[in-house]
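Open the model in your viewer and keep the selection tool at hand. The stops below say what to select next and what is there.

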Amino acid sequence: MRERPVVEGVEWVGAVDWDRRLFDELIPLPDGTSYNAYLVRGSEKTVLMDSVDPSFAGVLLERLASAGVKRLDYVVCHHAEQDHSGAIPRVLERYPEATVLATEKCKVMLGDLLGVPADKVRAVADRERIDLGGLTIEGIHFPWVHWPETMLTWLPERRTLFSCDLFGSHLATSEMFAGNDPLVLPGAKRYYAEIMMPFRNFIQKNMERVTSLEPAFIAPSHGPVHDHPALILDAYHEWLSAPPKNLVVVPYVSMHDSTRRMVEHFMESCAWRGVRAEQFNLGDPDVGKLAMLLVDAASLVIGTPTVLAGPHPKVAYAASLANLIRPKVRFLSVIGSYSWGGKAVEQLAAMIPNLKVEVIPPVLCKGVPKAEDLAALDRLAETLAKKHGTIM
Ligand code: FEO
């Protein structure tokens, strides 16, 4: 377990978690993840940027030993979530002379979550600079990426931004750098959709604080280091700020095939009208794919059968997820089949108060869809095609 160079004076000492498949018992990780920690060595002071998930504390300590680190002056804690802060107590046991640097809010959270004593943590002010000898670190408070206590660190002499979860991706890889290959973007988009999108308005307002630095390297807490930062910065600009695309996303469940037939007819009808439509069967456990589709979608059309007078529980889960991640979606409708009645639409509407959408009248039918139901789906597709035309 050795350190790996990033730029002069900066080494990676983190851990790659190839086998993890779920984060927070919620977020699927089809490609594993990494917990990035970086060592920054000035001529006078040595800093560890973040730690790792506690299950990998031994790996971090081995890499620090391999790097010949006898003394740590500071441990920067950008974010108190345990996948980055969880090994800090072990680091402090090994390097008791170290002082943790964090925002005031993070200082309190480190005490609450991990029992880190307050006298081991020094709160840093926004834009406060600390001299390491030939290198300088500057704390940039950036709350809500994605907790209230988060900050980033700027290393001006290397034009390197340690960006915490921002610009990260859940990706296990032996590659240190993302390069200029757009193939790295799907992982970053998935991460954005699941973790950052709920805070997109806040991030959008503060992106200038990052772009004005003109970083040469962006070193996030998960996934590869961005050595061509324009790739990820342009992608974030699009995800955060561009109008939604001419895309309808249709998450659905079907119990007796009627809702599926409605979804298929609706998809064809959208395509025929020049509207891109993506269906997502909620039997697929990887809801991250649905979250990614919602980054760009102008419309969400939920397909649900009725179960005990309400939406199918898998649909209710998808609605709650959409409500949590707050996509830019502008239009919403519901399609589906019922057997004897119910309140699926009313219950679904109550589950998505965070979505500021125009609700288009639902298309519900009893049992198998008849000709008039298919015609109603055509009208829904026509309405959405016209609505999309107003926002493109
Ligand atoms: Fe990667 Fe919010 O922790």
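Select Ser 337 to begin. Is Ser 337 buried or exposed? Its relative accessible area in this predicted model is 10%, so Ser 337 counts as buried, the cut-off being under 20%. Ser 337 is part of strand S22, which covers residues 331-338.

Now show what surrounds Ser 337. Leaving out residues up to four places away in sequence, Ser 337 touches Ser 258, Thr 259, Met 262, Thr 304, Pro 305, Thr 306, Cys 365, Lys 366 and Gly 367. Pick Gly 367 from that list: a polar atom of the Ser 337 side chain lies 2.7 Å from the backbone oxygen of Gly 367.

Next, colour the chain by domain. Domain 1 takes in residues 4-241, and domain 2 takes in residues 245-389. How far apart are the C-alpha centres of domain 1 and domain 2? They lie 38 Å apart.

Stay with the two domains and look at where they meet. Select Lys 189, Arg 190 and Met 197, which supply 36% of the area that domain 1 buries against domain 2, more than any other three residues.

Keep the interface on screen and turn to its polar pairs. There are 3 salt bridges between domain 1 and domain 2. Across the same interface, 7 residue pairs are in polar contact.

For a salt bridge to look at, select Lys 245 and Glu 238. Their side chains meet at 2.3 Å, N to O.

Move on to Arg 129, in strand S12 (residues 129-131). Beyond its neighbours within four places in sequence, Arg 129 is in contact with Thr 136, Ile 137, Glu 138 and Pro 156. With Glu 138 there is a polar contact of 2.8 Å between the side chains. Then draw a distance from Arg 129 to Gly 389: the two are 260 residues apart in sequence, and their C-alpha atoms are 49 Å apart in space.

The last stops concern the backbone. Select Val 145 and His 146, which are joined by a cis peptide bond with omega about 20°. His 146 sits in the loop between strand S13 (136-141) and strand S14 (151-155).

Select Asp 50 next. Asp 50 is not a glycine, yet its phi is positive, about 70°. Look for Asp 50 in the loop between strand S8 (46-49) and helix H1 (57-66). With 3% relative accessibility, Asp 50 is buried.

Finish at Cys 164. Where is Cys 164? Cys 164 is in strand S15, residues 160-164. Its phi is positive, about 60°, although Cys 164 is not a glycine. Cys 164 has a relative accessible area of 1% and is therefore buried.

Methods
Residues are numbered from 1 along each chain as its sequence is written. This is a predicted model: local features need pLDDT of at least 70, side-chain atom pairs count only at pLDDT 80 or more; totals for chains, interfaces and linings use all residues. Side-chain values use heavy atoms; hydrogens and water are left out. Domain bounds come from an automatic or database domain assignment. Buried area is the accessible area (1.4 Å probe) that two parts lose on being put together, summed over both. A salt bridge is a side-chain nitrogen of Lys or Arg within 4 Å of a carboxyl oxygen of Asp or Glu. A polar contact is a pair of N or O atoms within 3.5 Å; within protein, one must be able to donate a hydrogen and the other to accept it, and residues adjacent in sequence count only if both atoms are side-chain atoms. Helices (H or I, at least four residues) and strands (E, at least two) are DSSP runs, numbered from the N terminus. Buried means under 20% relative accessible area, exposed over 50%, partly exposed in between (1.4 Å probe, protein chains only). Contact means heavy atoms within 4.5 Å.
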